[in-house]
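Hello,

Here is the structure I promised to send over. Have a look at it first, and then read on for what turned up in it.

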Amino acid sequence: MSALAVLHIIFSSCIILFALSHDEFRRDVFQRFNDYVHRYNKSYKFGTMEFKRRESIFEQTLHRVEWLNRHRNSTHAALYGINQFSDLTPEEFKKYVHLAKVNVTLKKSYPRKKNLLQSKSVLEKLPKKVDWRHKNVISSVNDQEQCGACWAFSTVETVESMYALKYGSLERWSVQQVVDCAAAPNKGCEGGDTCLTIGWLYESETEIVLAKDYPFKGKTGICAEDVKSDKTVRVARNFTCDSFIGEEYLMLLHLAYHGPLIAAVDASGWQDYLGGIIQFHCDSERNHAVQIVGYDITGEVPFYIVRNSWGTNFGNDGYLYIAIGKNMCRIAEEVSSLDVL
C-alpha cells in the first residue's frame with residue numbers, strides 16, 4: 001500500500017471520528033437542554049424555531065461555563081454552571097433582571113467613617129466572622145421576578161434587619177409600597193437608586209407598612225397612600241451613603257458593630273454563578289443592589305456574605321460570596337446604612 005493511500009485512510013478516519021464526536025456532543029447538548037426545559041418549567045416546544053434558538057444559546061452557555069471553571073485558581077473560587085438564566089444571552093439576562101447603570105448624579109453623602117474607627121483597638125478586636133442570618137434579623141430570600149426593583153428590595157430588607165435589631169421582632173415590610181411610591185428619579189420596576197430611596201424615605205417621613213397589607217405584585221402600580229397596617233416603620237435621620245474604596249475594613253467594622261449594609265454592585269457577571277467566592281470577571285459598572293449580611297475573614301480569601309433578590313434557586317440558596325479588599329463587583333463604591341424609628 002502506498003504512503004498516499006495510508007495518509008488517505010488516516011485522514012478519512014479522522015474525519016469520521018470528528019463527525020461521530022460532534023454528533024455525540026450535539027446529542028449530549030440536546031439531552032441536557034431537554035432536561036433543563038423540564039427542570040425549570042420552560043415553555044419552549046420541541047421542533048419550533050424558539051426551541052432551536054434557546055438550545056443554541058444553552059450550548060453557548062455550556063462553553064462559557066466550561067471556560068470560566070477552567071480558570072478557577074482554587075477550590076474556594078467562584079463556581080459556574082447551569083441555572084435559571086442559562087437559556088438567555090448575556091444581553092437578555094441584563095434585561096430580564098433589569099440590570100441598569102445606577103444614576104448617581106443626585107446622590108447625597110452622609111459619611112459615618114470617623115465614628116466607625118474611634119481607636120485602633122476596635123479594628124484589632126474585629127470578629128473574624130459575622131453572619132447576621134444566625135441572629136434572626138434576616139428575612140428569607142426574595143425573588144424580584146422580572147421587576148427591576150433590587151434597589152427597593154435591598155433597602156427594605158435592611159429596614160427589616162435594623163427593625164429586628166432594635167425591637168427584637170423580624171417583620172416583613174412592604175417592598176411594593178416603595179416601588180410604587182418612591183419619588184423620581186426612581187422608576188419602580190424599571191430601576192432606582194438606593195441612596196436616593198433612603199433619602200426620600202427619611203425626608204418624606206414615609207411610614208412603611210407590613211408586606212401582608214401591601215404585597216409585592218411584580219410590577220409598578222399606583223401609589224396607595226391609604227393602606228392601613230398594624231405596624232409601620234420609618235427611616236431615621238442618621239442614614240449614610242458613602243464610598244469605601246480602599247477602606248473596606250470600615251465596611252467590616254460597620255457589619256460587625258452596627259448591622260447589614262446596602263450596596264450597589266456590578267452583577268453583569270453573575271449569570272452563571274452557582275457558589276464560591278467571586279474574585280474575577282466582575283468589574284464593569286454598578287447596575288444592581290444587594291444587602292450585605294456579613295463577612296468571613298478566617299480563610300485564605302476573605303469574603304462578604306451577600307444576599308441577592310433572584311430567589312433561592314440562584315447561587316448558594318439565594319446568596320453569593322464576594323472577595324473583600326478589591327472593590328470586587330464595585331461593592332465598595334456606593335454603600336448605604338440606616339437606622340429606624
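**The disulfides**

The torsion about the S-S bond of Cys195 and Cys241 is about 55 degrees, so this disulfide is right-handed. Its sulfur atoms lie 1.7 Å apart, and a disulfide here is a pair of cysteine sulfur atoms within 2.5 Å. The pair ties together distant parts of the chain, with Cys195 in helix α8 (residues 194-203) and Cys241 in strand β5 (residues 240-242), 46 residues apart. Helices (H or I, at least four residues) and strands (E, at least two) are DSSP runs, numbered from the N terminus. Cys195 is buried at 6% relative accessibility, and Cys241 is buried at 2%. Buried means under 20% relative accessible area, exposed over 50%, and partly exposed in between (1.4 Å probe, protein chains only).

Before going further, please keep in mind that this is a predicted model: local features need pLDDT of at least 70 and side-chain atom pairs count only at pLDDT 80 or more, while totals for chains, interfaces and linings use all residues. Residues are numbered from 1 along each chain as its sequence is written, and side-chain values use heavy atoms, with hydrogens and water left out.

How many disulfides does a search of the whole structure find? There are four, and with bonded cysteines counted along the chain they follow the pattern 1-3, 2-5, 4-6, 7-8.

Cys181 and Cys223 form another of them, with 2.0 Å between their sulfur atoms. This link is right-handed, at 95 degrees about the S-S bond. Cys181 sits in helix α7 (residues 175-181) and Cys223 in the loop between β3 (208-209) and β4 (232-233), so the pair links distant parts of the chain, 42 residues apart. Cys181 is buried, with a relative accessible area of 17%, whereas Cys223 is partly exposed at 27%.

Cys282 is joined to Cys329, S to S 1.8 Å, and this link is right-handed too, with 115 degrees about the S-S bond. Here Cys282 belongs to the loop between β8 and β9, and Cys329 to the loop between β11 and β12 (335-337), 47 residues away. Both Cys282 and Cys329 are buried.

Cys150 is itself buried, at 7% relative accessibility.

**Helix α8**

Back to the helix that carries Cys195. Eight of the ten residues of α8 are buried, so the helix is largely enclosed by the rest of the structure. Those buried residues are Thr194, Cys195, Leu196, Thr197, Ile198, Gly199, Trp200 and Leu201. At the start of α8, a side-chain oxygen of Asp193 comes to within 3.0 Å of the backbone nitrogen of Cys195. After the helix comes Glu205, with a positive phi near 55 degrees.

**The cores**

In soluble globular proteins, nonpolar side chains tend to be buried together. A nonpolar core is a set of buried Ala, Val, Leu, Ile, Met, Phe, Trp, Tyr and Cys residues joined through side-chain atoms within 4.5 Å. The largest one in this model has 54 residues, of which Trp270, Ile278, Tyr304, Trp310 and Ile322 touch the most other members. At least two residues of this core come from each of α2 (49-70), α9 (248-257), β6 (261-265), β8 (277-278), β9 (288-296), β10 (303-307) and β11 (319-323). α9 gives the most, with six residues.

Setting aside neighbours within four places in sequence, Ile278 is in contact (heavy atoms within 4.5 Å) with Ala78, Trp270, Tyr273, Leu320, Tyr321, Ile322, Ala323, Met328 and Cys329.

**The whole protein, and confidence**

The protein has nine helices and twelve strands, and 50% of its 341 residues count as buried. Of the contacts between residues at least 6 apart in sequence, 76% join residues at least 24 apart.

The mean pLDDT (the predictor's confidence in each residue, from 0 to 100) is 89, and 87% of the residues reach 70 or more. Over residues 4-22 the pLDDT is below 50, and this stretch has two contacts in the model beyond near neighbours in sequence.

Best wishes

Conventions. A polar contact is a pair of N or O atoms within 3.5 Å; within protein, one must be able to donate a hydrogen and the other to accept it, and residues adjacent in sequence count only if both atoms are side-chain atoms.
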